[in-house]
Amino acid sequence: MGLLTVSGSPHVHGGLSVKKLMWGVVIAMLPAMLASFYYFGMGAIKVTLVAVGSAMLFEYLITKFILKQPPQLMDGSAAITGLLLAFNVPSNLPIWIIVIGALVAIGVAKMSFGGLGKNPFNPALVGRVFLLISFPVQMTSWPVVGKFPMVLDAVTGATPLGIVKEGIKNGEPMTDLMNQVPSYTEMFMGQNGGSLGEVSAFLLLIGGIYMLMRKIITWHIPVSFLGSVIVFSGILWMINPEQYVNPLFHLVTGGLMLGVFFMATDMVTSPMTPKGQLIFGAGVGILTIIIRVWGAYPEGVSFAILLMNAVVPHLNNLFKPKRFGEEVNNG
Amino acid sequence: MGLLTFKIGGIHPPENKMSASAAIEDFAIPKQAVVPLAQHLGAPAKVQVKRGEMVKVGQLLAKGEAFISADIHSPVSGKVFKIEPRLDSTGFRKESVIINVEGDEWLETIDRSSDIVKEISLSESEIVKRIHEMGIVGMGGATFPSHVKYMVPQGKTVDYLIINGVECEPYLTSDHRIMLEKGEEMLIGVSIMMKALKTDKAIIGIENNKPDAIANLEKIAANFTGISIKALKVQYPQGGEKQLIDALIGRQIPSGKLPIEVGCVVNNVGTAYAIYEAVQKNKPLIERVVTVTGKPVGKPSNYKVRIGTPITELIEKSNCSLDATGKIINGGPMMGKALVTLDAPVTKGTSGVLLIENEKAKRVPVMNCIRCGKCTTVCPMGLEPHLLSIIARQGKNEQCEEERIMDCIECGSCVYTCPSGRPLLDNIRLGKSNVGFMIRNRSRK
């Protein structure tokens with residue numbers, strides 16, 4: 001018999017690991033990823049490979065040569081950042097822009113804060129917003145969806161959100177605008193023009209349900225996010241249905257489902273208590289609608305999540321868990 | 001009706017009750033017994049015997065003179081060989097009486113027959129005195145001297161006596177076997193405790209994974225007044241006294257207070273049985289039921305063992321594969337202590353000896369905190385282990401106190417759940433020790 005181990009209790013571990021959580025998220029993203037390959041073809045495959053590959057490469061290089069620590073690539077977090085970045089850009093984006101996006105996401109938004117778990121903002125979203133502001137033309141020319149188009153330079157067109165926003169500004173009647181966009185079923189299932197991961201709200205929902213079932217995420221952020229979007233846009237719609245588009249349209253378009261299940265729920269950058277998570281989700285939902293309705297951009301999910309990321313430390317301080325013995329009548 | 005349980009946090013580790021069907025066996029008396037003078041919470045007992053003196057089973061070895069302390073009796077008969085510090089199961093050297101065993105001669109005052117004595121002849125104060133004199137401590141593992149619990153402070157009344165038959169630690173089965181095999185004696189013990197506390201209500205809480213124990217006690221309890229049996233959801237740490245009171249009667253002990261604050265006294269089923277033997281049989285606490293279990297154990301068992309028996313003898317007797325063993329625990333896997341030597345003796349608090357296989361002996365690799373908040377979700381005290389861990393390491397003692405670090409019951413649920421394998425509880429223990437020191441210094445000024 002060798003020497004026995006001596007360590008403090010507990011002596012058993014539940015077996016959950018960062019790796020399992022992270023690769024669980026990757027699995028949840030696969031259906032939507034395959035859908036993007038189907039609708040956007042080679043362009044989507046190229047964007048995905050470049051984004052994931054460069055995100056992992058930058059993480060490896062920075063950990064090894066700048067932080068001088070053993071690289072932990074297989075924890076899956078860099079792969080998620082890369083995949084999310086790919087989900088957030090159009091399929092015809094030039095390779096060099098994607099690489100810059102991955103460098104900003106991993107190098108600036110994640111590693112400069114100390115790596116895994118230390119970043120205040122969602123790295124993929126920082127990368128995406130950086131690209132959106134730096135390369136507005138390339139980032140907003142959206143290829144029209146096809147059925148596995150092999151041509152890389154597909155026809156481009158505006159997203160449903162863009163069409164509606166522009167139309168309302170020009171005073172076009174709402175019924176005309178609704179005729180210019182695909183039907184709700186089409187948009188829900190996967191006819192959204194836009195970024196890779198925005199194409200099918202349905203498959204994102206499936207991924208979200210998978211993560212809920214595996215307890216990778218909890219219901220608090222998705223429910224309060226979706227709920228506040230429905231309530232807030234619903235109120236506006238009831239006030240003036242000609243001026244404001246209905247809640248269902250908000251739900252099935254743009255990056256909403258992607259944000260709800262994959263980006264707002266990022267553990268590192270969201271609050272740690274259920275109460276804080278409810279407030280956080282509601283805040284993201286309301287900011288999303290504010291930006292979509294009154295902002296300069298047709299889509300507001302990324303900005304809304306990043307803005308709420310900034311208040312997470314305060315939410316953690318404000319909303320403490322209920323302590324034992326605090327609120328019970330001991331009569 | 002759903003099963004009763006506590007309201008905040010909790011986990012469900014694999015139960016692994018491998019020894020549940022092994023009946024309690026009498027374990028052989030050792031050749032040499034090592035009896036530490038501090039087997040309980042509080043001050044060590046003062047030794048009353050000299051080197052070379054002959055002692056009988058049940059004879060007083062050391063007297064617990066402080067308010068929180070307990071008497072120690074000789075578990076064997078023979079000659080006092082030495083009185084010197086020995087390593088015990090906590091890893092500290094503690095003054096111990098070492099006795100070379102000769103025969104098995106008991107004090108005549110002890111009733112060794114197996115007849116069940118039902119009549120409770122002692123008065124309330126005599127019962128408390130007897131519990132004190134027989135060296136009874138909490139048998140669940142905390143080893144709090146029992147007589148202190150039965151001296152109810154002025155102005156407080158006891159609404160409920162709560163008996164802990166939860167045994168929420170995975171692997172352990174000693175309480176389970178007592179409830180099955182010594183049910184009647186144990187319930188007489190409960191009646192004695194009720195009398196001492198002047199209460200007419202006792203609740204025995206048992207986790208639902210022991211349906212045989214629940215059925216057995218329900219059948220016997222029909223002949224007793226005021227004792228009810230309640231099934232509880234299998235959820236760790238259901239057996240923490242704060243959690244148990246919450247689960248059974250919905251009262252939550254305020255921060256820093258004792259169960260008496262909400263009109264309760266909590267004791268373990270093993271303690272109830274020990275109190276029966278002390279009061280009805282005049283028998284001091286000299287032996288206890290110990291579970292020997294774990295994957296490397298060929299014959300998982302429950303033994304009735306004399307205090308002072310070296311743990312190595314229990315392991316030898318149970319067909320253990322020591323080559324496959326990487327760690328040996330005194331107690332259960334969640335709150336037990338890893339042994340530093342196999343020569344450590346069984347003491348009043350040894351509920352089990354758990355052998356952990358090589359593959360599971362080492363901790364999982366530590367990664368950065370990913371702020372998933374799972375530690376907060378599972379904490380049964382509603383604390384934030386991730387935060388306490390950081391500020392404890394930074395030495396922010398005042399902030400630790402504000403964040404109620406002293407409420408931590410060290411159940412280990414946070415570490416069990418942490419996907420990053422972080423040593424949260426190690427850091428929190430450090431913080432608790434520093435904050436405790438700070439609080440004691442403050443009251444001194």
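**View 1. An open, four-stranded parallel sheet in chain B.** The strands of this open sheet run in the order 11-10-9-12, and their pairing is parallel; two strands count as paired if DSSP finds at least two bridges between them. This is a predicted model, in which local features need pLDDT of at least 70, side-chain atom pairs count only at pLDDT 80 or more, and totals for chains, interfaces and linings use all residues. Residues are numbered from 1 along each chain as its sequence is written, with chains lettered from A and ligands numbered from 1 in the order in which they are written. At the edges sit strand 11 (227-232) and strand 12 (264-268) of chain B, each pairing on one side only. From one strand to the next, the twist averages 25°. Strands here are DSSP runs of E, at least two residues, and helices are runs of H or I, at least four residues, numbered from the N terminus.

View 2. Strand 9 (residues 160-165) and strand 10 (residues 202-207) of chain B pair in the parallel sense over five bridges. Look for B:Ile162, which stands opposite B:Ile203 in strand 10 of chain B. Helix 7 (residues 269-281) of chain B packs on the sheet and touches strand 9 and strand 12 of chain B; contact takes C-beta atoms, placed from the backbone, within 7 Å. The direction of helix 7 makes about 85° with that of strand 12 of chain B.

**View 3. Two helices of chain A packed together.** Helix 1 (residues 18-40) and helix 2 (residues 42-66) of chain A pack at an angle of about 140°, with axes 6 Å apart. Axes are lines fitted to C-alpha atoms, for helices over the stretch in contact, and angles run from 0 to 180 degrees between N-to-C directions. The two helices are therefore oblique to each other (under 35 degrees is roughly parallel, over 145 roughly antiparallel, 65 to 115 roughly perpendicular, and the rest oblique). Helix 1 of chain A brings A:Met33, A:Ser36, A:Phe37 and A:Phe40, while helix 2 of chain A brings A:Gly43, A:Ala44, A:Ile45 and A:Thr48.

**View 4. Where chain B touches chain A.** This contact takes 53 residues from chain B and 32 residues from chain A. Strand 15 (325-330), strand 16 (337-338), helix 13 (413-417) and helix 14 (424-444) of chain B each supply at least two residues of chain B's side. Strand 15 of chain B gives the largest share, five residues.

Key
Contact = placed C-beta atoms within 7 Å.
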